[in-house]
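Subject: Structure for you to look at

Hello,

Here is the structure I said I would pass on. Please have it open while you read the notes below.

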Amino acid sequence: MLFCFRSIFKMGSAEEVTKSIKLPATIDLALRNIKDAKMFAMDIGGSLTKIAYYSTVPFKKIAYDSIEPGQETESLEEAMYETTEGARLHFIKFETKHIEYTLDYIQKSLLGSNNKITGSTIKVTGGGAYKYAELIEQKLGFTISKEDEMECMIRGCNFLLKNINDESFVYQRKASPEYSFQNPKEMYPYLLVTIGSGVSILKVESEDSFQRIGGTATGGGTFWGLGKLLTSAKDFDELLSLAEEGDHRNVDMLVKDIYGTDYTALGLPGDLIASSFGKIIQLSSNPDRKFSEADIAKSLLYIISNDIGQIASLYAMLHKVNRIYFGGFFLRHRPVSLHTISYAINYWSKGQVQANFLRHEGYLGAIGAFLKGAEAVDTASYAWTENLYGSSSFRAGSWPHKDRDSSLEVDHLEIDRFDSQLGCCPLLMNADKYIPDTVDLTHDHDARDYWLECFQESLPKFTDRAIDSQAHAPNVNERADKFKEKFLTRLQMLKAKPFAFGNLTVRSLLDMREHCLKEFDFHDPYLRQKQVENKTALALLPSRLQDLENMDWQEKQVELALGFLAGNVFDWGAKEVALLMEEGSLDFSAAKKAIGPRPWLIDNVDGWLERLRGPAHKCVCIFVDNSGGDFLLGVVPFTEEMLKRGSSVILCANSHPILNDVTYAELVILLQQVAEVSPVIKEGLMSGKLVARESGQASPCLDLGRLNNQLAEDMNETGVDLIVLEGMGRAIHTNLETDFKCESLKVAVIKNKWLAQRLGGEMFSVVFKYEPKKEK
């Protein structure tokens, strides 16, 4: 929604407004960027209100080209940052009874800011759009523009599925864990079943093509209405909590109650409900028989859920769609609700249709309404990602209803904008089924316990590193303490609820830590260390290249492979290695010796040498890892050799800093410096045979499903026939088992003792995995 700032305030003074505000403390986090808001939208339901707003957020960016070699201390801190403007989407959900207080809070926040907002209308959807139109205009001075609810729901669903990792999930009550998160690469077609007071079923065939194909009047309103008549529950959530405690078998008549066992001739199991509320009939013969409210609530929930499931599955099979998403916040992520819908869909479709649920199901309408008025933001031209610092965790499981203070339930979702659009790597063999992460910590309890503890143990040293990187900056210790506290709180939450933000992986833990760092203005804690290591490695590069030139062909190829690995030892993200590097006891020669003799843990060197005796590759795409010795003494000589063979080379580096990984901006500068000592690299850059590209990533781990679009296009156009993944994050934590349409080389040194032993090796075990082109 767009509105005019000078007409926004039509009521009392800021002091009068403050007196009326009684919102919980959690609203401060949810609305912390409200003073920078540029657009608003709302989805107002009978029980829940969702507010969407867009804000600009100042981000510091490393100005690498402004840093002089040897520059230190205060002058470095002054030169290394430039401020850029980022974009963030905020979605807040709270009970509608607090809408007036929330509007007062928003008014007060905007009144005290210098924010300039243009326009005069607000996009609003939901049943409350008319009821609260006058209140919104009175409080904020907006004119209401009512948007179609179903269209908003679909726009919101498409946006979440396209941009948010692990947005959808499948629920299986007997699985461990019960939640299995999905990231479908092919979105369409699907059915969206919105469960409000009634139920609408929509078939979505593309971003802009959809139709309502059916529905039922038996929905959330039916459940709540009958529940009010049949139980003493005072609100919707209390009724759901009653249902969780009940046993429907005391109320429902089952197949075995009629036939004594299964009805095998018709394929009907004995526990199948034959008649909902069927046992109530027994009241006529035994008027003193009492039925518990919990049992009645459970039976009622099953009636509604089975009806919705059956109708939805029949429409899915009729329209030949095998995926259904549910939205509308009737389900509330309650296990009892998820199970009943999942069971009904599976039963009536005979396993041909899958029930999918959404982590942020309650925000669909608000997101869609926002997108309807967001032409100025141009949301479709960028990729977006969930901010794991500012978003509430996925609330699943039973909710206590006794003494529950609903005022404390303020949920929020934050989504940050990427610099560009992201797309899927065209070289993936099975893009639809691609899962980047080698281990899902949500399922692997032992791995989860280890990695959560590992991140927690390294937190003090990591915090010290962040402080050292800005030793002369204001409030650095205070900001560092807040970062440490926030990330530690997140780690403790994940120990208890590993599915809080979708699949838990090493990649997601690294992402979460970076999001927390940036929130407290730490943007590249290893910048100084990278500068020092690059300077040292550049000095060693000429002799390294000369030594390689003096070797015969086979010795040189083996040494290039060994150098690739020796360079990869230098990794500040590995706890054991970081200790050695802090002591100064690790140099390139020591790293080569640490690797140990062949055969390695995964050793395809002979196959790789045999391939090198054949024709040159057309184009080699290398995803590089660490700065310093890794890139300059490992990757650069390998790149030289590929160029000498006649191959083109694309070097891909992270778009944003993390640990001591080389970034794209650093890579461009390093290649210019390398060109001064390597005629081969210089010629490659001048001829265009060697190019640097940014990956679109901000993690040591690599999600090939979300690459920078320009890189993905280049990979297609240049005919990449060899992809090289270097480092633990890119070749072990992710993509170790990924199949490609071209040849691949996965190279890493395992610098974590626990992980090495788990894979059957020891510290500094080597993965040198060459795989020829896979045939479909």
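Leu226, Leu229 and Leu230 form a nonpolar surface patch of about 290 Å². A patch consists of residues with over 30% relative accessible area and no salt bridge, where like charges are joined within 9 Å and nonpolar side chains (Val, Leu, Ile, Met, Phe, Trp, Tyr) within 5 Å. A salt bridge is a side-chain nitrogen of Lys or Arg within 4 Å of a carboxyl oxygen of Asp or Glu. Areas come from the Shrake-Rupley method with a 1.4 Å probe, and for residues only the protein chains shown count as cover. Leucine 230 belongs to helix α8, residues 220–230. Helices (H or I, at least four residues) and strands (E, at least two) are DSSP runs, numbered from the N terminus. Leucine 230 counts as partly exposed because its relative accessibility is 39%; buried means under 20% relative accessible area, exposed over 50%, and partly exposed in between (1.4 Å probe, protein chains only).

This is a predicted model, in which local features need pLDDT of at least 70 and side-chain atom pairs count only at pLDDT 80 or more, while totals for chains, interfaces and linings use all residues. Residues are numbered from 1 along each chain as its sequence is written, and side-chain values use heavy atoms, with hydrogens and water left out.

Overall, the protein has 27 helices and 25 strands. Of its 776 residues, 57% are buried. The protein exposes about 31,900 Å², of which carbon and sulfur atoms supply 49%. Among contacts (heavy atoms within 4.5 Å) with a separation of 6 or more, 74% are between residues 24 or more positions apart.

Now the inside. In soluble globular proteins, nonpolar side chains tend to be buried together. A nonpolar core is a set of buried Ala, Val, Leu, Ile, Met, Phe, Trp, Tyr and Cys residues joined through side-chain atoms within 4.5 Å. The largest one here has 46 residues, and Trp608, Ile622, Phe631, Leu651, Leu745 and Phe768 touch the most other members. Helix α22 (residues 629–644) contributes the most to this core, with 8 residues. Leaving aside residues up to four places away in sequence, leucine 745 touches several residues, including Trp608, Phe638, Leu722 and Phe768. Another core, of 44 residues, lies apart from it; Phe181, Phe223, Val251 and Ile324 are among its members.

Histidine 90 sits in strand β3 (residues 81–95). With 1% relative accessibility, histidine 90 counts as buried. Its side chain makes a polar contact with the side chain of glutamate 414 at 3.4 Å. A polar contact is a pair of N or O atoms within 3.5 Å; within protein, one must be able to donate a hydrogen and the other to accept it, and residues adjacent in sequence count only if both atoms are side-chain atoms. Histidine 90 and aspartate 416 are 326 residues apart in sequence, but 9.0 Å apart in space, C-alpha to C-alpha.

Last, the backbone. Most residues other than glycine have a negative phi, and most peptide bonds are trans. Which peptide bond is cis, with omega near -5 degrees? The bond from tyrosine 188 to proline 189. Proline 189 is in the loop between β7 (179–182) and β8 (190–195). The bond from arginine 598 to proline 599 is also cis, with omega near 0 degrees. Phenylalanine 764 has a positive phi of about 70 degrees although it is not a glycine, and with a relative accessible area of 12% it is buried.

Regards
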